[in-house]
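Here are some notes for a colleague who is opening this entry for the first time. Please read them next to the sequence and the structure.

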Amino acid sequence: MGSYDFTEIESRWQQVWADQGMYRVPNPGDQNFDESKPKKYFLDMFPYPSGAGLHVGHPLGYIGTDIFARFHRMRGANVLHPMGFDSFGLPAEQYAVETGVHPRITTEKNIETYTRQLKAFGFSYDWDRMVATTDPEYYRWTQWIFLQLFGAWFDEEQGKARPMDQLVEELESGLRSADGVMWQNLPELDRREYLDSQRLAYIDEVPVNWCPALGTVLANEEVTVDGRSDRGNYPVFKRPLRQWMLRITAYADRLIDELDLVEWPESVKTMQRNWIGRSEGATIIFDVEGHTQMRVFTTRPDTVFGATYMVVAPEHPMVDEITKEMWPDGTKPLWTLGIDTPRDAVAAYRLAASRKSDIERQAEDRQKTGVFTGGYAINPLTGDPVPIFIADYVLVGYGTGAIMAVPGQDERDWEFAEAFDLPIVRTVQPPPEFDGDAYTGPGPAINSGFLDGLDIDAAKKRIIQWLETNGAGMGTVTYKLRDWLFSRQRYWGEPIPILHGPNGELIPVPEDELPLLLPEVDDYSPHASDDEHAEPTPTLSNASDDWKFVEIDGVSYERELNTMPQWAGSCWYYLRYIDSSDDERLVDPDMERYWMGDSGVDLYVGGVEHAVLHLLYARFWHKVLNDLGHVGTKEPFGRLFNQGYILADAYQDERGIYVPAADVVEDDGIFTYEGEAVIPVYGKMGKSLKNSVNPDEIFDEYGVDTLRLYEMFMGPLDTSRPWSTKDIVGVHRFLQRLWRNFIDEDTGEVLVSDGPSDGDLQVLLHRTIEAVGHDMENLHFNTAVARLFELNNALVGIERVPSDVADVLPRLLSPLAPHVAEELWSRMGKEGSVVTADWPLCDKSLIAEDTATMVVQVNGKVRDRIEVPIGITEEDAVALALGSERVRAHTGGAQPRKVISRLPNILSLVV
RNA sequence: GCCCGGGUGGCGAAAUCGGCAGACGCGGCGGACUUAAAAUCCGCUAUCCGAAAGGAUGUACAGGUUCAAAUCCUGUCCCGGGCACCA
């Protein structure tokens, strides 16, 4: 009755809130919708529901958004605060491979566990809006969006996606040609191929990241720096393959420029800009001896006079054409690999290069290798012949896959030139003190004909002008960003709703046949292998012929057997929450306009690991949907916030294997696990370090409110912080002290007085209201908690809590620790729920004081503190200060030479 | 190598604009209550010198600007993250 029984209080209120639908939020048009309130959309990055369940590190950001949502509700906003599950993915499928249990079963079970755990945190989600990406009613619309991408093209002039119909119209009317060919003159087959090549979702043969161990290909973003898979850390190899691609590159500029519209951490914006990697330069056309031409991309067209050789990527399609039968005169032995003919030398080098994985290329310490092709190009500016090499330091996928090498101004080219004894010409004058090799800094052009004397920028402009007038090139922009490889050979993903006809026709599955359900298969195994040359085979090829083949008008069509990558479902889930049960359309336009407003989601909180992948893909899809008129904003997430991580001690045994941290025993600084010594390390809490702390244990011992407060009190939301179970007692003591301040533990009597506070306590109360409100707005929950501690501490020793304090404190606490706040509110007999109570207002007149502490500095050092009236004049202040013994001890009684004041707080005397 | 963050007591941290460094909590020390312990309550707790009053030093390091710097500027070191032969 009287003691703080958090377990009982928390479970009871969670039940009451659920029964009353406390956190249900109506849409425009719904019954209880109040359009006079401002809208707020607060979103968490939804989790993948893993079998291990939640640990205390997962909900850090969720606690933050929940507090923010509760705060804004009390301040009178309509708050959309939903949760769901990104439930397609590898672990459920791997489990299915091992056990034969259908991934749907595993997934449903895990979702159930996650839902139970999330509900136990007392989060104020509107669970009626929950989505799971694996739900056919959800992925129906993921497939629908894919068909929108398939049914659209990117109009370069308008800079936006448009429906294919409009392209066909413009082609038929002659407004536009198909790569220079009139539509009327194009055979039927070529027309189809042309149209298919223009779509935002298209099939192309491209070098892909093939991961045999996972049995699937991966997007560039899913491959780590050392050429391994992001998930599972398996080796990844490059190989050409026909795959579905999404034309994200068409949006490269908008994805950069429209970052200006959003309030995101600068670091995330920078990462996206770097990933897109826009660089401006020029394409320069080199005549290759004899007949053909070669295009190179350079960001330094101003250095073209110093281009003394050319390098082509080993995989470049023109290599065969350039390569000569015989080594020409003047071939240096160094250039030939010691092989008799250029053809054999080039073949040997290409073979060696193709065998190298990205890791090996890396490991070689960037030693420059390459071989001469026997061919020469003509430098269009100097007219000199320059030898053409192939070398793997030039990448086929970037720019034109060929470069003009300017060793004087490029470190890589310098290294290669030294290794192969090639001429070096400086075309920018380095400063006199420069003693390095390649010079990449600013300076006037030299050895560059009509460019001489110009600085780099001017020289670039001038040479591009020259190239364009002489038909030798043009200004060009290139990007590091590649189109998004969208096929996966896995089972547990959205089927791609396309049929393949006998002549290569691509037929979209009609919208009214969506969702295209995943077929049942006997074997979920991907065709995984240790062999990098194994042929990728989609798991859906294990489906029955009934599913795989569709007959339309007597013609047999084969279904697309690849599935979508895991990122697909998370590209648009924030839209589905708005109207999660709509079976007519993706989202109702009126509801979408209301909740997304002018700038999209008002606060999106999640880990920084999604800085590139998820956030770039989602922005891309959103822009396409915007172009096609399905959503109203240019950007999906107006404000992004990256929460930190919970870190924890972890332990490795002798072999470097992590052991369960919970079972490690410490004795006088020595750590042991099952009697063996282990080494303490430190890192992000999670399965891989085996250092997870289960929230259930904390709930049992301290309760939900304590855990919520603890995670917030540890530090600012955006910094990582070490978990320390022993520190939890601090916030737990706070709640118990709060309880004892309000409730007599023996009798259960509510210890609230009839009269309000006065004096210092009243001032403190209103200061707390102001400070907590301010902290809440700025997501400074750690300091908000500290302010509440102070107010609570001031109540200790007071017989009864003054009525105004009793009225305010539970409301201030309610977003942070909703259960105990609701219990106190209810025990005091207050009207309604504290959840829907108004946020307290601060009476500013009460916190304006009539005296202040004036700090007196002498020569910049604090020497005394004096209470002064708020409106004190400088003259009085100086007189007061000079009257102080402590001040006089440092002024030696002399008059100050100079007085600086910020009255009534600071008086600075210089003597 | 390049690009972002960050570095404050024994520990987690705080410090709107350049204006009292260390709020709040953990831990520690001392005290009250208790037969005792736990819980609770009270006090102290940056470092050094000092019995104290007080003084000196102190926000990674070295400089600078300023009456005044954790905060601004220059350089260096360390930690974390991203990118990495991108022409």
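**Notes on selected features**

1. Glu 551 stands opposite Ser 556 in E21. The two strands involved are E20, residues 549–552, and E21, residues 555–559, which pair in the antiparallel sense over 4 bridges. Please keep in mind throughout that this is a predicted model.

2. The hairpin of E20 and E21 has 2 residues between the strands, and Asp 553 takes a positive phi there, near 50°. Asp 553 is not a glycine. Most residues other than glycine have a negative phi. Asp 553 is also exposed, because its relative accessible area of 76% is over the 50% cut-off.

3. With a relative accessible area of 66%, Asp 179 is exposed.

4. On the overall layout, chain A is divided into five parts: domain 1 (1–29 + 742–847), domain 2 (144–260 + 268–274 + 483–559), domain 3 (279–478), domain 4 (649–684) and domain 5 (849–910). Between the C-alpha centres of domain 3 and domain 5 the distance is 71 Å.

5. How do the axes of helix H1 and helix H26 cross? H1 covers residues 6–20 and H26 covers residues 818–827; their axes come within 9 Å and cross at roughly 85°. H1 is therefore roughly perpendicular to H26, since the angle falls in the range of 65 to 115 degrees. On the H1 side the contact is made by Ile 9, Glu 10, Arg 12, Trp 13, Gln 14 and Trp 17. H26 contributes Pro 818, His 819, Glu 822, Glu 823 and Ser 826. By class, the residues of this contact are 4 nonpolar, 3 polar and 4 charged.

6. Is Ser 908 buried or exposed? Ser 908 has a relative accessible area of 12% and is therefore buried, the cut-off being under 20%. This residue lies in strand E34, residues 906–910. Leaving out residues up to four places away in sequence, Ser 908 touches Gln 857, Lys 898, Val 899 and Ile 900.

7. Two cis peptide bonds deserve a check. Leu 903 and Pro 904 are joined by one, with omega about 5°, and Pro 904 sits in the loop between strand E33 (898–902) and E34. The bond from Leu 514 to Pro 515 is cis as well, with omega near 0°. Pro 515 belongs to the loop between strand E19 (506–508) and helix H15 (545–548). Most peptide bonds are trans.

Methods: Residues are numbered from 1 along each chain as its sequence is written. Chains are lettered from A and ligands numbered from 1 in the order in which they are written. This is a predicted model: local features need pLDDT of at least 70, side-chain atom pairs count only at pLDDT 80 or more; totals for chains, interfaces and linings use all residues. Side-chain values use heavy atoms; hydrogens and water are left out. Two strands pair if DSSP finds at least two bridges between them. Domain bounds come from an automatic or database domain assignment. Axes are lines fitted to C-alpha atoms, for helices over the stretch in contact, and angles run from 0 to 180 degrees between N-to-C directions. Angles under 35 degrees count as roughly parallel, over 145 as roughly antiparallel, 65 to 115 as roughly perpendicular and the rest as oblique. Contact means heavy atoms within 4.5 Å. Ala, Val, Leu, Ile, Met, Phe, Trp, Tyr, Cys and Pro count as nonpolar, Asp, Glu, Lys and Arg as charged, and the others, Gly among them, as polar. Buried means under 20% relative accessible area, exposed over 50%, partly exposed in between (1.4 Å probe, protein chains only).
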